[in-house]
Amino acid sequence: MLFADTVVGDTGVHKPKVILIMVVVATVIFTLLGLNDTIFGEIMRPVIGEPKESGLFGNLSVGFVLAIILVINIVLIGFLPFRYQVIVVWLQLLALFLTFFYSFDLKIEFIRSKIWFMITQGVFTTLYISAISIILASFVAIFGAIAKLSSNGFAFAIASFYTSFFRGLPLLMQLYLIYLGMPQLGYVIDAVPAGILALTLCYGAYMTEIFRAGIQSINKGQWEASRSMGFGFGLTMRRIILPQAMPLIIPPTGNQFIAMLKDSSLVSVIGVWELMFLARTMGNKDFRHMEMLITAALIYWCLTMVLEFIQSRIERHYRTASH
Amino acid sequence: MSAPIIEMTNVNKWYGTYHALRNINFTVNEGDKIVVCGPSGSGKSTMIRTLNYLEAHQEGTIRVNGTDMHPRMKDVDKVRMDVGMVFQHFNLFPHLTILENLMAGPMWVRGIAQEEARKTAMMYLERVRIPEQADKYPGQLSGGQQQRVAIARSLCMKPKVMLFDEPTSALDPEMVSEVLDTMVSLAKDGMTMVCVTHEMGFAKAVADRVIFMDEGSIVEENDPINFFENPQSKRTQNFLSQILQH
């Protein structure tokens with residue numbers, strides 16, 4: 001929540017002027033979309049006659065009716081308390097998406113026959129590649145951050161070159177460079193290690209900056225206090241600085257993990273049997289692309305929702321535990 | 001006379017072109033209680049921070065506990081272990097409880113067993129009269145209590161000398177005396193102390209010597225009676241009349 005003002009005005013969407021503007025704007029937009037040859041025009045055939053020949057009158061009527069429905073819906077939602085507003089809007093948007101998916105004439109049977117394999121093979125691979133990569137990336141990030149903050153020119157140069165390079169190249173290109181480039185050096189790398197390496201290096205570069213900011217945000221007095229008691233650099237870092245930086249580092253790291261979960265789909269291009277790869281190949285065989293893509297999309301979405309939930313719990317934990 | 005624990009000889013320090021310390025010479029013997037005062041920007045904090053090498057000096061020598069302090073020294077941590085430091089802003093570790101704050105140094109640096117460290121920590125918490133706060137976190141304590149914990153934290157390391165860098169300047173007025181009381185009792189027990197402070201009452205009560213600094217140099221060094229009754233330099237007189245006029 002942002003700052004909540006204690007002064008409450010009228011609900012915006014209940015002001016006559018606002019309602020009028022919404023109706024006009026929605027009518028114009030829907031009219032311009034030209035919806036008379038869609039299912040809506042079909043429904044309104046008694047009013048506008050043959051939809052295909054109804055022209056501007058047909059478009060305008062359909063647009064106006066849709067606009068009225070939309071605005072009534074918005075006004076009604078405006079009466080609800082916050083919680084129910086959230087639930088109703090979520091359900092409506094979800095229904096719109098499902099309608100969109102449904103319009104592809106999906107074969108549920110086909111999805112049902114493949115989904116188990118997609119989860120056991122695809123989700124499992126996606127999750128373990130992401131999990132290993134995020135853990136390795138965290139280690140890279142700690143050392144990267146320390147190097148970037150160090151007064152050693154050698155360490156700083158390597159770390160800043162590393163972050164610049166790996167943040168500057170598309171992840172897909174890094175993946176190709178590692179998978180196709182390493183064999184040039186005489187070292188043939190398997191697809192899964194190549195994928196993990198690319199994700200680790202790329203996200204390690206981003207997370208270096210997160211860790212650096214976290215470490216830097218700790219008051220200089222903490223360093224002085226612990227160094228003045230005879231703590232060495234490593235001890236200070238491990239026992240004093242990092243434990244205090246963690247609450248600042250973990251939430252954005254969770255974000256990175258969510259992003260990585262989806263970016264791991266890029267690994268499919270080098271033939272790792274993760275979720276995206278299975279969605280494409282299994283769909284290809286039977287020319288049922290949409291079924292598999294939509295299934296994979298929903299699985300990704302569910303996974304991120306679970307992770308977002310976990311992340312919000314972790315964030316709350318650190319917020320309440322900050323003394 | 002006992003052996004010198006701190007010796008500063010012709011110490012000079014610059015921040016860029018700014019001459020922060022000019023030809024500082026002074027000696028602290030074991031058991032000495034020294035108060036350093038002076039207007040803000042006079043270099044007194046910088047001076048005390050060079051004593052455990054939180055700040056580096058560029059010229060002259062600083063010997064602490066028999067070790068020369070210089071940029072290439074290997075055993076700076078060893079020197080620091082024996083030099084306690086209390087900061088203006090306490091600098092307790094906010095993620096550790098009070099007891100853990102006190103046990104951290106002895107356990108992690110000195111390698112003392114947990115049980116013994118706990119016993120020592122509780123002893124010093126009793127000494128600063130807040131044993132009941134042992135399991136709280138620093139953020140839950142008042143400023144005065146935090147500063148007393150900070151003093152106890154330094155004492156747990158069994159230092160040979162204690163440095164105080166304006167220990168009461170960040171406190172609400174009603175909390176100043178509880179911290180000063182702790183410092184006075186520490187002085188009575190014979191602790192060697194160097195205190196940067198404006199608390200002239202404290203200086204009169206415990207100091208063996210008072211040092212007045214201005215613009216990076218030591219202007220005057222005297223015993224408290226002479227320092228307050230019969231200040232030699234004009235700048236000292238000005239300073240004293242300013243802070244004692246109320």
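Across the interface of chain B and chain A, the rule finds two salt bridges. A salt bridge here is a side-chain nitrogen of Lys or Arg within 4 Å of a carboxyl oxygen of Asp or Glu. One of them joins B:Arg49 to A:Glu224, with the closest N and O atoms 2.6 Å apart.

This is a predicted model: local features need pLDDT of at least 70, side-chain atom pairs count only at pLDDT 80 or more, and totals for chains, interfaces and linings use all residues. Residues are numbered from 1 along each chain as its sequence is written, chains are lettered from A and ligands numbered from 1 in the order in which they are written, and side-chain values use heavy atoms, with hydrogens and water left out.

Stay with the interface. Five residue pairs across it are in polar contact, both residues at pLDDT 80 or more. Such a contact is a pair of N or O atoms within 3.5 Å; within protein, one must be able to donate a hydrogen and the other to accept it, and residues adjacent in sequence count only if both atoms are side-chain atoms. Three elements of chain B give two or more residues each to the side that touches chain A: α2 (76-81), β6 (83-86) and α3 (98-109). Helices (H or I, at least four residues) and strands (E, at least two) are DSSP runs, numbered from the N terminus. α3(B) gives the most, with four residues. By class, this side of chain B has 13 nonpolar, five polar and four charged residues. Ala, Val, Leu, Ile, Met, Phe, Trp, Tyr, Cys and Pro count as nonpolar, Asp, Glu, Lys and Arg as charged, and the others, Gly among them, as polar.

Contact (heavy atoms within 4.5 Å) takes 22 residues from chain B and 18 residues from chain A. The two chains bury about 1800 Å² between them, 63% of it on carbon and sulfur atoms. Buried area is the accessible area (1.4 Å probe) lost on putting the two parts together, summed over both. B:Phe93, B:His95 and B:Trp108 supply 32% of the area that chain B buries against chain A, more than any other three residues.

Now the sheets of chain B. An open sheet of six strands runs β6-β7-β8-β3-β9-β10 with mixed pairing. Strands pair if DSSP finds at least two bridges between them. The edge strands are β6 and β10 (217-222), each pairing on one side only. Strand β9 (residues 209-214) of chain B is joined to β10(B) by five bridges, and the two run antiparallel. B:Val210 has B:Asn222 in β10(B) as its bridge partner. Helix α9 (residues 234-244) of chain B packs on this sheet, touching β3 (33-37), β9 and β10.

The other open sheet has four strands, β2-β1-β4-β5 (chain B), with antiparallel pairing. β2 (18-29) and β5 (67-68) of chain B each have a single partner strand, so one side of each lacks a neighbour in the sheet.

Definitions and conventions:
Axes are lines fitted to C-alpha atoms, for helices over the stretch in contact, and angles run from 0 to 180 degrees between N-to-C directions.
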